Amino acid sequence: MDSTGAILVASIVLPLVGAGMCYGMTRAGREVVRKVALAFTLLALVLAALVVSQAPRAVDPQPREVEGVAPDEFAVVDLSWGGAGEKTGQPAAFDVRFSLGLDGLSVWLYGLSALLLVTSVLVSWEQIDDRANEFYALLLLLETGVLGVFAARDLLLFYVFFEFTLIPLFFLIGVWGSEQRHYAAMKFFLYTLAGSLLTFLGLLAIVLWDYSQTGRITFSILALKQGLAAHPMSAGLQYWIFLALFAGFAIKVPLFPLHTWLPLAHVQAPTAGSVLLAGILLKIGAYGFIRFSLPMLPDATIHCAPFVLWIALIGIIYGALVALSQSDMKKLIAYSSVSHLGFCMLGIFAFNALGMQGGVLQLVNHGLSTGGLFALVGMLYERYHTREIAQMGGLAKRLPIFAFFLVLFTLSSIGLPGLNGFAGELLLLIGMFQRGMAPGPHGTQLLWIAVLSVTGVVLGAWYMLYLVQRTMFGPLREPRPAHGAPEHSHAPVRDLSRREVYALLPLVVFIVWIGVQPSFFLTRTSRTLDPLASSLDRRVGTAHHVSVVDVPSNNTGGLTSTARHDEISASGGPHGP
Amino acid sequence: MDPNAAYTSAAGVLQLIPEMIVVGGAVFVFVGGTFAKSKTAWSWVAAAGLAAAGLALWTQKVPGGFAGPIAVDALGYTLRWLVLLLGGVFVLALARPAAAGQAPEVTGSLLLAIAGGMIVSVSGELVLLFVALETISIPTYVLLYVGRKDSASQESAAKYFFLSILSSAVTLYGFCFLYGVTGSTHLAEIARVLQNTSVAAVADWGPLPDLALVLIFVGLAFKIAAAPFHFYAPDVYQGTTHENAMLLAVLPKVAGIAALIRVTTLAMPLAAGTGWRIALFLAVVTMTVGNMTALWQKNVRRLLAYSSIAHAGYLLIGLAAGFAATLGPQGSRPEEGLGASVFYLVVYAFSTAGAFAALAYLGSPERQVDTVAELAGLGRTRPVSAAALAVFMFSLAGVPPLAGFWGKLSLFLSALDVRSSPGLGASRQTWFIVLAVIGALNAAVAATYYLRVVATMYFLPPAKEPRAEGGGAVRTAGGLCLVAVLLIGLLLGPMLIQATQDAVQASAPVPPPKPAQQAQIDGAPPSIVR
């Protein structure tokens, strides 16, 4: 275990310790508990930042040959689980390992998780009054879960963290949510569990295929990938396993007909729950596709890609249209997630470096912008006790700082050049068009998908700007006080407090940073995604592989652009076919 | 050597010292109880007896396959420890029995049942096995009946009594056919005869081995409450106390699965072609019936009864996979499925016993918790009990990182690992994939009612302050189960899966058939369905 690995483990274990502490503080009152929770999330964020800062930018000229570690992985920790097989000195036949590490795919999602947890503690600061110790304990438990999901290098460990995230969220939604919280919590849990149990069978089937070929049971993702490369599965088997994995991951993403749990859970959850659901948990679905389906079942993935792309497209347009017609702000943003995640899937299933890079970057972008938007809606709700768009108007006069942040996150969400959304969306759309125009099967069909998906961008701008225009501008119209409450019960309404600004500011920093210097982030993801994309690309049959290098670098400014260009070409080079 | 020599030789008898200590304790309690009706002292005696038995078991080495009526092998050793540890939980749970005046009778009967469970674990012979099974059943009738005057509990005791007798008779009938075919009551001998018989002799037996298998399955399916032989369980559990329901849900299931593994899978590989079909069918029906019916239950003991039925179905998955793997092809590992069943027993036993213990603690001797609705708001009023009960529910639902998850993992893994013999088509493998998918979907259905209990405790406003007068002993019992569930879930799961597989592998009475013999078995006449 190198020191970075130790920090990685610490960042995952620390929230668990914090959860225990918070839960034990039954008499302390929320003033103390929330400070403790904040301290733990901040500390975890610092540790996570230390780990992420170690992410190697480009491919090593002389990669270190370490047994059982892929060249693109860092901060690797590999321990046996419960001492199985340690006594005899031989690896046990049933070798589950507590194996953690990061690579280009997981590094930013891991960092994003640590960041959004701080935000969600800060937005819960005043909102959570009842049983605060339990609330923050669950929040910290969830942090352990989500950090672990992205860091797991062992298939079972991944699944353990994946399922484990359901328990704290179930309570967060069911205890601290809005009116329909019980139903929402049950539906969320059962829907996700049903899908993920099928995913579980699919993952086990992969392990058993490897076992039948090599005679050893391993759950190491890397070893399974290598095993599958050496002994490829038949296409028929791949197809079935792909479907099993699809059941769980598609519900999590969520893809079009399986999205019905999402608006309910997002709207009913407390603000912190919505931030984390949209910001992190939805990403696990897409992450699962890239981590398991794409590299391990390439033939089935390519075979099913048009189907996935079509339902992703339906999700994009359907989500956008439904969002457009919402009268509830939180619902609007929830449906916008369906649309945005459809874009991410589009990029990922374009199977080229641009599309996948864009898709993964867009996952992070969506976490930042939608996480921020949910936080803002929560803040507005704390002030007016309503989320009805029709009851608001011209609030920019009353809440100028709030309006500033809302406009900023909106612009990030719709992809204004200079902000993060643009970089991700542009890359993934170029990737999709490239796939559509490349020679290969389904060419015209894919091109149509690419063309139609652009309408999603237009619709996205429409519903978001329409929301901002209706609520923030025009004549001032404040919601009436809640029924039965005394006149002006929410007055005097104050603008954002310093605490609320601190909750949003880190997100803004990254929104701008990714917007002006996307290459900083892309160079670190390309180590993992470029080889994967090029191998899939080759399989699709179009031998032309374009790395990020060849795109005219957007909005990075002339000078940095060339500097970055050199940096990237070092990474892009060796992955050619 | 005469296989019955172990009954008379000192070496054989000495193997049973732990059981003798427990039975001795029971006798001491029964006799002493007529002089002193102390409420708690006899529980201490029982606990001391179990501790002494544990010490004796600890010092016992695990010889590799003791030929004779007593199979002191790794599987027996594992199961004895399981029964002994569960026995400790039972003794604690029943330390303050509802029948306050009859504490010695309750404690003594309990010790006998525990001894019975331990003997089932090491039975390598049909008569001993049957006697051991009855040693569990008969004290259980007493426990159900003692000190309970209301008609519901009397109905419950009578119902259990009659059905249990019936199931014992059916099991015995199956044992008779097995003896008739092989001419021996020793499992090792039965396995040897069944495996080394010529094709002609197999044809001569006709359907007798299969008939024996079916009868044994039916009889033992009663014990583990597998559908369609499960109808008694909900009524009986509902009519009795939480403590008794705990005993009924756990001990007969451990004994039944242990007996099934020993008699059917390990000793009758010849009938495996029928065996996996029966086990698979029972597994699917049992899981589905149990889970679907549990969805509608309002009474918490009824709910847990249907949950325990559903878990019997899960236990049968491993058995079916173990059966199918004995058929080959080469490289198949029967111990994977059987080990998964044994491991699942451990997981199920502690989760269920813990749930019953928590519920028993929440009630009082006069009035126990009956409906799920009574648990409303427990998260506020009794946070620790609620958290413990939630952990048991999540563990039963199989959510990681709790013990139940590893149980489901090992079962699904074994079912998906079943492969078809070459040349016979892919049907067997397909069946097991379907089984795994049905199992997974059932787990999602099951989560619904487990979550409903959790949701009631945490999401609803408190209905009424629960009494929580179950006493410190039952609280300790629940605490022990909680430790076990968390420890297995967080740390020991993978190691125990491996350990149970190794134990089963080391305990097969005869080495698995060589490929040559395998071919012969595969080519067996059509009377043995394959």
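How many residues of chain B are in contact with residues of chain A? In this predicted model, 27 residues of chain B are in contact with 31 residues of chain A, two residues being in contact if their C-beta atoms, placed from the backbone, lie within 7 Å. Local features need pLDDT of at least 70 and side-chain atom pairs count only at pLDDT 80 or more, whereas totals for chains, interfaces and linings use all residues. Residues are numbered from 1 along each chain as its sequence is written, and chains are lettered from A in the order in which they are written.

**The side of chain B that touches chain A**
- The elements giving two or more residues to this side are α19 (403–416), α20 (427–459) and α21 (472–506) of chain B, and the largest share, twelve residues, comes from α20(B).
- By class, this side has 23 nonpolar, three polar and one charged residues, where Ala, Val, Leu, Ile, Met, Phe, Trp, Tyr, Cys and Pro count as nonpolar, Asp, Glu, Lys and Arg as charged, and the others, Gly among them, as polar.

**Chain B**
- Chain B comes to 22 helices and zero strands, helices being DSSP runs of H or I with at least four residues and strands runs of E with at least two, numbered from the N terminus.
- Buried residues, those with 20 or more other C-beta atoms within 10 Å of their own (C-beta atoms placed from the backbone), make up 63% of the 530 residues in chain B.
- The C-alpha atoms of chain B fill a box of roughly 70 × 50 × 40 Å along the principal axes.

**Chain A**
- Chain A has 21 helices and two strands, and 60% of its 577 residues are buried.

How values were computed. A residue is buried if 20 or more other C-beta atoms lie within 10 Å of its own, exposed if 12 or fewer, and partly exposed in between; C-beta atoms are placed from the backbone.
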